[in-house]
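Work through the exercises below with the sequence and the 3D structure at hand. Try each task before reading its solution.

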Amino acid sequence: MTAKSAILPAAELRNELAGSRPPVLLDVRWQLGGPDQRPAYEAGHLPGAVYVDLDRELAGPAGAGGRHPLPDPEAFGAAMRRAGVSADVPVVVYDGGQGWAAARAWWLLRWTGHPNVRVLDGGLTAWTAAGGAVTAERVTPTEGDFKPTPGAVGLLDADAAAARARTGVLLDARAGERYRGEVEPIDPVGGHIPGALSAPTTENVGPEGRFLPADALRARFEGLGAAEGTPVGVYCGSGVSGAHEVLALEVAGIASDLYAGSWSEWSSDPERPVATGPDPQ
């Protein structure tokens, strides 16, 4: 998949939906710590879109592996088949506009081997702003045939993330104040993995929630040392917003690996070192 094809503008999605081979649409609206978004989906969604629940279908049970550990691949595959996903049909995922949840679905489908999955740039907000229609009609998808084959893209565990900070570049996608350890509203301790660089996900997008141009993203990441050919890793709080950073790097043409357990896993073990302040170490 090329960098340009990782995201899809609303106008191009409208053309594809009107074509002879429309993509499967997945609605992955989600709010961290917020209410279930299924009622919002039922009130209005893109025509033909199927709702996917991040907490139940794009993550396993919270525990030692973090707040949003990866789902069991077979359970994930079953959820995708129920949503109508097949290996030979393009998939487009979207959320309410923040892009984190859509990127999580994008990353999981890529990690499990789907060859053609993209994120609607700017999500539902961009779709409606471009004049796209929404509907409350119930969608009953035809069962898909997608069978997951994990390992198609890079995945880091805690030890590999620590090593990546020493031998390559490890980006922390959380807000700067959480990286510095000034506040920690969710996890056991504030701070960051020693050697990681602060790279907040919010700086990947413009004021309307759409990704910055590829050259601007490339300049941002290269300024952090994350150039093509350098081993790059990404983590966040629980592996959701970090997927958005991986997607931004993809748009910039830079390959990266996700530490899915992220800070929620790292900080759960008191034996793991924690750095605070603005400096990596």
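**Exercise 1: Salt bridges**

A search of the whole structure finds 15 salt bridges, where a salt bridge is a side-chain nitrogen of Lys or Arg within 4 Å of a carboxyl oxygen of Asp or Glu. The model is predicted: local features need pLDDT of at least 70, side-chain atom pairs count only at pLDDT 80 or more, and totals for chains, interfaces and linings use all residues. Residues are numbered from 1 along each chain as its sequence is written, and side-chain values use heavy atoms, with hydrogens and water left out.

Solution. 

Step 1. Buried means under 20% relative accessible area, exposed means over 50%, and partly exposed lies in between (1.4 Å probe, protein chains only).

Step 2. Take Glu-182. Glu-182 has a relative accessible area of 53%, so it is exposed. Arg-180 is partly exposed because its relative accessibility is 29%.

Step 3. Take Glu-245. Helices (H or I, at least four residues) and strands (E, at least two) are DSSP runs, numbered from the N terminus. Glu-245 and Arg-220 are both buried.

Step 4. Look for a network. Salt bridges link Arg-67, Asp-172, Arg-174, Arg-178, Glu-184 and Asp-187.

**Exercise 2: A helix and its surroundings**

Task: find how many residues of helix H5 are buried, and compare the span of the helix with the expected one.

Solution. 

Step 1. Read the length. H5 covers residues 100-111, which is 12 residues.

Step 2. Compare the spans. From first C-alpha to last, H5 reaches 16 Å, close to the 16 Å expected at 1.5 Å a residue. The expected span is 1.5 Å times one less than the number of residues in the helix.

Step 3. Count the buried residues. In H5, 11 of the 12 residues are buried, so the helix is largely enclosed by the rest of the structure. Among them are Arg-104, Trp-106, Trp-107 and Arg-110.

Step 4. Look past the end. Just after H5, Gly-113 has a positive phi of about 100 degrees.

**Exercise 3: Aromatic pairs**

Task: how many aromatic pairs does the structure hold? Describe the pairs of Tyr-41 with Tyr-51 and Tyr-235 with Tyr-259.

Solution. 

Step 1. The structure holds three aromatic pairs. Rings of Phe, Tyr and Trp (its six-membered ring) pair if their centres lie within 6.5 Å; planes under 30 degrees apart count as stacked, over 60 as edge-to-face and the rest as tilted.

Step 2. The ring centres of Tyr-41 and Tyr-51 are 5.5 Å apart and the planes stand at 35 degrees, so this pair is tilted. Tyr-41 lies in helix H2 (residues 38-43) and Tyr-51 in strand E3 (residues 50-51), so the pair ties together parts that are 10 residues apart in sequence. Tyr-41 is buried at 7% relative accessible area, and Tyr-51 is buried at 8%.

Step 3. Tyr-235 and Tyr-259 form a tilted pair, with 6.5 Å centre to centre and 55 degrees between the planes. This pair links distant parts of the chain, 24 residues apart: Tyr-235 in strand E9 (residues 232-235) and Tyr-259 in strand E10 (residues 257-259). Both Tyr-235 and Tyr-259 are buried.
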